[in-house]
Amino acid sequence: MYGLIGKMRATRGQRDAIMDVLITSTGAMPGCLSYIIARDPADADAIWVTEVWTDAESHKASLQLPEVQTAIAKARPFIAGFEFQVETHPAGGFGLPDAKTG
């Protein structure tokens with residue numbers, strides 16, 4: 001499996017606008033096992049996104065989906081930046097299939 005954990009910064013006061021776009025635009029994406037959007041309780045403008053995919057190729061392909069491109073265009077005016085993104089190799093957990101270590 002392939003995972004990403006990232007922290008996004010909204011322009012002041014626009015966190016909920018970005019979250020609404022992300023939540024309503026992240027339906028069934030081929031290869032996506034989990035896509036979680038969370039508020040940062042200590043920072044009113046920060047959003048955490050945690051993703052789990054079957055593989056890195058599925059994630060890369062998702063960025064070309066028309067609905068994902070539309071979501072990016074809708075959210076872009078409200079995004080101040082991305083603080084960081086970390087790649088992971090999920091090993092499993094509640095709701096995820098077991099993965100071989102690698």
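## Overall dimensions

A compact globule of 102 residues would have a radius of gyration near 13 Å, and the chain, at 14 Å, agrees with this; the radius is taken over C-alpha atoms, and the globule rule is 2.2 Å times the number of residues to the power 0.38. Along the principal axes, the C-alpha atoms fill a box of roughly 40 × 30 × 20 Å.

This is a predicted model, in which local features need pLDDT of at least 70 and side-chain atom pairs count only at pLDDT 80 or more, while totals for chains, interfaces and linings use all residues. Residues are numbered from 1 along each chain as its sequence is written, and side-chain values use heavy atoms, with hydrogens and water left out.

## Fold and surface

The chain has 3 helices and 4 strands, which follow one another along the sequence in the pattern β-α-β-β-α-α-β; helices (H or I, at least four residues) and strands (E, at least two) are DSSP runs, numbered from the N terminus. Among contacts (heavy atoms within 4.5 Å) between residues at least 6 apart in sequence, 70% join residues at least 24 apart.

Of the 102 residues, 33% count as buried, where buried means under 20% relative accessible area, exposed over 50%, and partly exposed in between (1.4 Å probe, protein chains only). The accessible surface of the chain comes to about 6,400 Å², with 57% of it belonging to carbon and sulfur atoms; such areas come from the Shrake-Rupley method with a 1.4 Å probe, and for residues only the protein chains shown count as cover.

Helix α3, residues 66–75, has V68, A71 and A75 as its buried residues. They cover an arc of only 60° around the axis, and therefore lie on the same side of α3; the arc is that of the directions from the helix axis to the C-beta atoms. An α-helix has 3.6 residues a turn, so residues three or four places apart point the same way.

The cover over the buried residues of α3 includes α1 (15–25), α2 (56–62) and β4 (79–88), whereas the face turned away from the buried side carries the exposed residues P66 and K74.

## A buried lysine and an exposed glycine

K7 is found in strand β1, residues 2–10, and is buried, with a relative accessible area of 13%. Leaving aside neighbours within four places in sequence, the contacts of K7 include D40, D43, W48 and E83.

G13, in the loop between β1 and α1, is exposed, with a relative accessible area of 62%. G13 and D43 are 30 residues apart in sequence and 11 Å apart in space, C-alpha to C-alpha.
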